[in-house]
Amino acid sequence: MFARRIALALAAVIAVASPASFASSSAARVGVIKLDPAKTLVEFRLGGSLHTTHGKFLLRTGIIKADSASGKAEGTIVVDAASGDSGDSLRDNRMKNSVLEAEKFPEITFIARHIEGHLDRSGGFQAKLEGVLKLHGAEHEIVIDAHGTLIDDNLVATAHFSIPYVQWGLKDPSLLFLTVAKQVDIDIATTGRVTWAAIESIPSHRR
C-alpha cells in the first residue's frame with residue numbers, strides 16, 4: 001500500500017520536458033536528472049479511525065530523461081519496498097510482510113512515459129507526469145502532479161498523488177474497529193541538477 005511513494009521525484013523532470021519551457025530555444029533538448037537518494041524524500045500518509053499514520057520509504061535509484069519538443073519521457077525510479085518506516089516496528093513488519101509482501105516483491109518501480117507542463121519566466125513550473133507504477137506484481141497507470149522551480153539547471157520539486165491500494169488488490173490492514181483508509185497519500189520532495197543532451201530518439205510509450 002504505502003508503496004506508491006515511488007512516484008517520486010521524477011515529476012521534477014517534468015519541467016524539463018515541457019515544450020512551453022523552451023519555446024524560444026533554437027533546438028530542442030533532452031533534459032536528464034539523476035535522483036540522489038540522499039536528496040529525495042518519499043513520504044506516505046494513511047488516515048485511520050484513531051489517528052493518521054505517517055512514514056517514509058527509501059529510494060534505491062532513479063533517472064529520468066525528457067524530450068522538450070515532444071513531451072516523451074523514459075527512465076525508471078526504484079523504491080525499496082522493505083524500507084517502509086512509520087516508527088512502529090509491529091505495524092511496519094505487518095505492512096512489509098502481509099501487505100507489500102516485500103520478500104516476494106522487493107521493489108516498487110515507476111516507469112516514465114510522458115510529461116507536459118509549463119515553466120514560467122521566474123523558473124516556477126506546474127506539470128503532470130504520466131507513467132506506470134509496478135507494485136506488488138501488477139502494473140497501474142498513474143498521473144503525478146508536480147510543481148517546483150528550475151533555475152540555472154538547478155531543480156527543486158515536490159509531488160503529490162494518492163494510491164487506492166485496496167482497489168489494486170493489496171491487503172486491507174484494518175483490524176476490527178481499528179480501520180484505516182482504503183487509499184494512501186504520497187508526498188515527494190527532491191532537489192538536483194538537470195543536465196542537457198542533444199535530442200536522440202526517445203521512443204513513445206504513450207497509448
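Which residue forms a salt bridge with arginine 45, and how many Å apart are the closest N and O atoms? In this predicted model, the partner is aspartate 187, and the closest N and O atoms of the pair are 2.9 Å apart.

## The bridge between β9 and β2

The pair links distant parts of the chain. Aspartate 187 belongs to strand β9, which covers residues 184–193, while arginine 45 belongs to strand β2, which covers residues 40–46. The two residues are 142 residues apart.

Both partners are partly exposed: aspartate 187 has a relative accessible area of 26%, and arginine 45 has one of 28%. The pair also belongs to a network of salt bridges in which Arg45, Asp185 and Asp187 are linked.

## Overall architecture and confidence

The protein chain contains two helices and ten strands. Along the sequence, these elements follow the pattern α-β-β-β-β-α-β-β-β-β-β-β. The chain has 207 residues, of which 46% count as buried. Among contacts with a separation of 6 or more, 67% are accounted for by residues 24 or more positions apart.

The average pLDDT of the protein chain is 81, and 81% of the residues score at least 70. Residues 1–26 have a pLDDT below 50. In the model, this stretch has 115 contacts beyond near neighbours in sequence.

Aspartate 80 is located in strand β4, which spans residues 73–85. Is this residue buried or exposed? Aspartate 80 counts as buried because its relative accessibility is 18%, and the cut-off for burial is under 20%. Leaving aside residues up to four places away in sequence, aspartate 80 touches Phe57, Leu58, Arg60 and Pro106.

One of these contacts involves a charged pair: the side chains of aspartate 80 and arginine 60 meet in a salt bridge, with an N to O distance of 3.4 Å. Because aspartate 80 lies in strand β4 and arginine 60 in strand β3 (residues 53–67), the pair ties together parts that are 20 residues apart in sequence. The two partners fall into separate accessibility classes: aspartate 80 is buried, whereas arginine 60 is partly exposed, with a relative accessible area of 36%.

## A further salt bridge

The structure holds eight salt bridges. Among them is one in which the side chains of lysine 134 and glutamate 139 meet at 3.6 Å, N to O. Lysine 134 is partly exposed, with a relative accessible area of 33%, whereas glutamate 139 counts as exposed at 53% relative accessibility.

## Glutamate 103 in the loop between α2 and β5

Where in the chain is glutamate 103 found? Glutamate 103 lies in the loop between helix α2 (89–99) and strand β5 (107–119). With a relative accessibility of 82%, glutamate 103 counts as exposed, because the cut-off for that class is over 50%.

Glutamate 103 can also be placed relative to alanine 82. The two residues are 21 residues apart in sequence, and their C-alpha atoms are 7.6 Å apart in space.

Definitions and conventions:
Residues are numbered from 1 along each chain as its sequence is written. This is a predicted model: local features need pLDDT of at least 70, side-chain atom pairs count only at pLDDT 80 or more; totals for chains, interfaces and linings use all residues. Side-chain values use heavy atoms; hydrogens and water are left out. Helices (H or I, at least four residues) and strands (E, at least two) are DSSP runs, numbered from the N terminus. Buried means under 20% relative accessible area, exposed over 50%, partly exposed in between (1.4 Å probe, protein chains only). Contact means heavy atoms within 4.5 Å. pLDDT is the predictor's confidence in each residue, from 0 to 100. A salt bridge is a side-chain nitrogen of Lys or Arg within 4 Å of a carboxyl oxygen of Asp or Glu.
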